[in-house]
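Biologist: I am new to this one, and I would like to get to know it step by step. Could you show it to me and then take my questions?

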Amino acid sequence: MKSGKIEGVIAEFDNPAALIDAAEKMRDSEYTKFDCHSPFPIHGMDAAMGEKRSILGWIVAPVAFSMVLFGFLFEGWTSTIAYPLVISGKPLFSYQAYGAIAFALMVLTSAGTSLFGMLALNKLPRFHHPVFYSDRFAKVTDDAFFVSIEARDAKFDEKETVAFLKSIGGREIELLIADD
Amino acid sequence: MKFDAAAFKLTDLNSVQVRSLGIGVLGLLLTVIGYFAKTEQFFFSYLTAYLFWVSIALGALFLVLLFHLTGTVWGVTIRRILETLMKILPWMAVFFIPVLLGSHHLYEWSHVDVAAADPILSKKMGYLNITFFTIRSAFYFVVWYLIAAKLYKTSLAMDSGAKIEHIKTMKKVSAPGMILFALTTTFASFDWIMSLYPHWYSTIFGLYFFSGGLVGALTLVIVIGLYMNKRGVMDSVITVEHYHDLAKFTFGFIIFWAYMGFSQYLLIWYANIPEETIFYLDRWRGTWPIITMTIVFGHFLIPFVGLLSRGSKRNFTYLKYMAVFILIMHWVDIFWMVMPVLHKTGLRFCIFDFTAMAGIGGIFMWLFWKQLGKHAAVPMGDPKLEESLNHHNP
């Protein structure tokens, strides 16, 4: 018997349908710090878990709009004030030519914001998670479906949570005990 | 208008058919006055209106080809509407006759004496002459008719039980059909619009015309769908999810259109060669900049920002106004391509611009509603229909 701090609990479910069913019950319960684990994406899981839409778009949009404006003004500044060179007989402020670079700058910064914003919102990178204390959990990459509840959850109680997971159809319920 | 949900068939279409036909006949009659009052103006107004509607039918044809090639799921419920729009293409050949008859008023190159005296046009006379122009236009319509008729027939055959052969036929027609579509649409735009200024040329012009038509087709489907849904027709078939996808497509192709337009502009602006810049110079004279800037803002920036968020694509009232706005902008775009040839000094609207639009548009919609009522309004035999009805955007 391990004797460390309890960091959470996991329960195994038989198939994707059972996992969806469990996710809906978790959503309707008062637990908030739970997660569902499966070897492959399951359609409808987001709705079953009650996940809200990501706010990533609202982070990317202001970046995109400000950077396209920045690109445009930056080019205007370089070609009229910083380095006023006449190129192919065109006026110094030839805004027509700025579009392409302003656009490219917008795409570059939006793509970067999307990638790093996604990682940040997912709290990545992280090196460890309590579910890895369980040896059974390795099966999640192959053929097993799990629900996990973290001990940080306000409603978490060693006995009640185990009983709750049992009541929604979980089996092989295992406490995640820190053993390092 | 009623919808028989079991047979997927529209009934009681009389009122909308009569109304369309009435608008069409009245519009055409009023436009005919233009022929006697202002002959040149009449032909240019007619050509603008004609190009607007034919570009939409071509956009619909492209989408049907695309749907078959990609094996779309979400688009199955709206495919019959698109097929009906593309089925109007052969009828557009009839509406092409006035353009052909008015070619001396529209196309400078059609005057053999003028063309022969011009050092550039005299070299182009082998391509730009009335006989070859007519043959080419007839060829485009034959190609479009053959593709549209085959796809429509196969789609109808699926209604009474789908076979794997049907799906194979559609794919087999669509793959070469897509190539033929690209070539014929490009050359049609060269012949019908670009040759209005026979000295000028732009290789991207075909894509520009096609992308505008595609946006027009998508927004027209949105408008037609919402028109029917408002009357409680087909609202269980075309749901918010399908409008969301249509709006996504519209949004994407608004950007594609702007990309084509900007690519054409930037290269011409940068190279600064007089025979190329003349196109934009003509559109920057007098009051023409108003229309030029209207297109930049109305056909790109406003719809781009306006359709960016998810909520805007799923709000029916908002989407309806946006779709109508984009349709109007598509007309302004065609107007911008055609009209500066006639009114060189500045922007001028004429009553016949609008009567011609109503005239051809009314007949166009009349043909549409007539054809849509004949068969099931949804490809009911398509194996993917069930999945399409339950389509869900993440």
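Modeller: Gladly! One thing to keep in mind is that this is a predicted model, where local features need pLDDT of at least 70, side-chain atom pairs count only at pLDDT 80 or more, and totals for chains, interfaces and linings use all residues. Residues are numbered from 1 along each chain as its sequence is written, chains are lettered from A and ligands numbered from 1 in the order in which they are written, and side-chain values use heavy atoms, with hydrogens and water left out.

Biologist: Let us start where the chains meet. How many salt bridges are there between chain B and chain A?

Modeller: A salt bridge here is a side-chain nitrogen of Lys or Arg within 4 Å of a carboxyl oxygen of Asp or Glu. The interface of chain B and chain A does have three residue pairs in polar contact, both residues at pLDDT 80 or more. Such a contact is a pair of N or O atoms within 3.5 Å; within protein, one must be able to donate a hydrogen and the other to accept it, and residues adjacent in sequence count only if both atoms are side-chain atoms. For salt bridges between chain B and chain A, the count is zero.

Biologist: Which helix gives the largest share of the side of chain B that touches chain A?

Modeller: Taking contact as heavy atoms within 4.5 Å, eleven residues of chain B are in contact with ten residues of chain A. Helices (H or I, at least four residues) and strands (E, at least two) are DSSP runs, numbered from the N terminus. Five residues, the largest share of the side of chain B that touches chain A, come from helix 11 (residues 240-271) of chain B.

Biologist: Which residues of chain B lose the most area to chain A?

Modeller: Buried area is the accessible area (1.4 Å probe) that two parts lose on being put together, summed over both. Chain B and chain A bury about 880 Å² between them, with 69% of it on carbon and sulfur atoms. On the side of chain B, 46% of what is buried comes from three residues together: B:W269, B:Y270 and B:R310.

Biologist: How many helices does chain B have?

Modeller: The C-alpha trace of chain B spans about 65 × 40 × 40 Å along its principal axes. Among contacts in chain B with a separation of 6 or more, 80% are between residues 24 or more positions apart. Chain B has two strands, and its helices number 17.

Biologist: What separates B:E83 and B:R79 along their helix?

Modeller: The side chains of B:E83 and B:R79 meet in a salt bridge (2.9 Å, N to O). B:E83 is buried with a relative accessible area of 0%, and B:R79 is buried at 4%. They are four residues apart in helix 3 (residues 76-86) of chain B, so the separation is about one helical turn.

Biologist: Which residue is joined to A:L124 by a cis peptide bond?

Modeller: Most residues other than glycine have a negative phi, and most peptide bonds are trans. In the loop between helix 4 and strand 3 of chain A, A:K123 has its place, with a positive phi of about 60 degrees although it is not a glycine. The cis bond has an omega of about -5 degrees, and the residue it joins to A:L124 is A:P125.

Terms used:
Buried < 20%, exposed > 50% of the residue type's maximum accessible area, 1.4 Å probe, protein only.
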